[in-house]
Amino acid sequence: MAHLIFILNGPNLNLLGKREPQIYGSETLADIEAKCRAAASADSEIDFRQTNHEGTLLEWVHEARGKAAAIVINPGAYGHTSVALLDALKSFDGPVLEVHISNIHQRESFRHTSFVSLRAEGVIAGFGTDGYVAGLQRAEKLLRAK
Ligand code: CA2
């Protein structure tokens with residue numbers, strides 16, 4: 001059966017490919033979106049978004065309730081700071097997969113914890129932009145098993 005998967009991106013991810021390539025690589029967010037669309041199975045519809053605003057991210061998670069089957073999310077720095085984002089994700093019924101491009105555990109200690117991880121079925125960090133495809137494929141596998 002066809003299903004909708006939200007791929008949500010938090011703050012500063014619009015800057016990918018434009019600065020800090022040594023940490024985040026040279027691909028842009030548009031490249032990542034194209035990669036996800038190419039990797040998605042035929043029965044997945046992808047809704048790919050980015051925002052720099054915490055409230056917008058919360059509203060997108062609310063919108064996903066009753067609409068999307070799964071959420072793949074790179075929360076950016078909000079993963080480390082936002083209890084509100086965790087609470088919003090707890091109101092969503094389907095699988096949540098958390099993606100970080102960089103290996104957050106190899107970086108500053110304030111990046112080592114993520115509130116989102118408390119809700120996520122799986123967490124991928126340090127796989128570069130391939131982590132998005134891994135998160136998407138894991139979401140699809142979990143949906144097929146339902
Ligand atoms: O590794 C990741 O994907 C992160 O979620 C990226 C966030 C960072 O705050 C998290 O700790 C880990 C940052 C988003 C990208 O920020 C950029 C800033 C300048 C230039 C390019 C990207």
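## Ile73 and its contacts

Setting aside neighbours within four places in sequence, Ile73 touches Leu8, Leu57, Leu85, Val96, Leu97, Glu98, Val99 and Val116. This residue belongs to strand 3 of what is, do keep in mind, a predicted model.

Is Ile73 buried or exposed? Its relative accessible area is 0%, and anything under 20% counts as buried, so Ile73 is buried. For a sense of distance, take Ala34, which lies 39 residues from Ile73 along the chain: the two C-alpha atoms are 16 Å apart.

## Helix 6 and what covers it

Let's turn to helix 6, which runs over residues 130–144. Its 15 residues reach 21 Å from the first C-alpha to the last, close to the 21 Å expected at 1.5 Å a residue.

Which residues of helix 6 are buried? They are Gly131, Tyr132, Val133, Gly135, Leu136, Ala139, Glu140 and Leu143. An α-helix has 3.6 residues a turn, so residues three or four places apart point the same way. The cover over the buried residues of helix 6 includes helix 2 (29–39) along with strand 1 (3–9), strand 2 (44–50), strand 3 (70–74), strand 4 (96–100) and strand 5 (122–125). Strand 3, in that list, is also where Ile73 is found.

## The largest pocket

Finally, a look at open space. The largest pocket holds about 400 Å³. It is lined by 18 residues, and those closest to its centre are Pro11, Asn12, Leu13, Tyr24 and Arg111. What is the lining made of, by class? It has 8 nonpolar, 6 polar and 4 charged residues.

Definitions and conventions. Residues numbered from 1 in each chain as written. Predicted model: local features only at pLDDT ≥ 70, side-chain atom pairs only at ≥ 80, totals over all residues. Heavy atoms only, no water. Helix = DSSP H or I, 4+ residues; strand = E, 2+ residues; numbered from the N terminus. Expected span 1.5 Å × (residues − 1). Buried < 20%, exposed > 50% of the residue type's maximum accessible area, 1.4 Å probe, protein only. Contact = heavy atoms within 4.5 Å. 1 Å grid on protein atoms, 1.4 Å probe; cavity = no way out; pocket = protein on both sides within 12 Å on 5 of 7 lines; lining within 4 Å. Points joined across faces, edges and corners; volume = space filled by probe spheres on them. Nonpolar A, V, L, I, M, F, W, Y, C, P; charged D, E, K, R; others polar.
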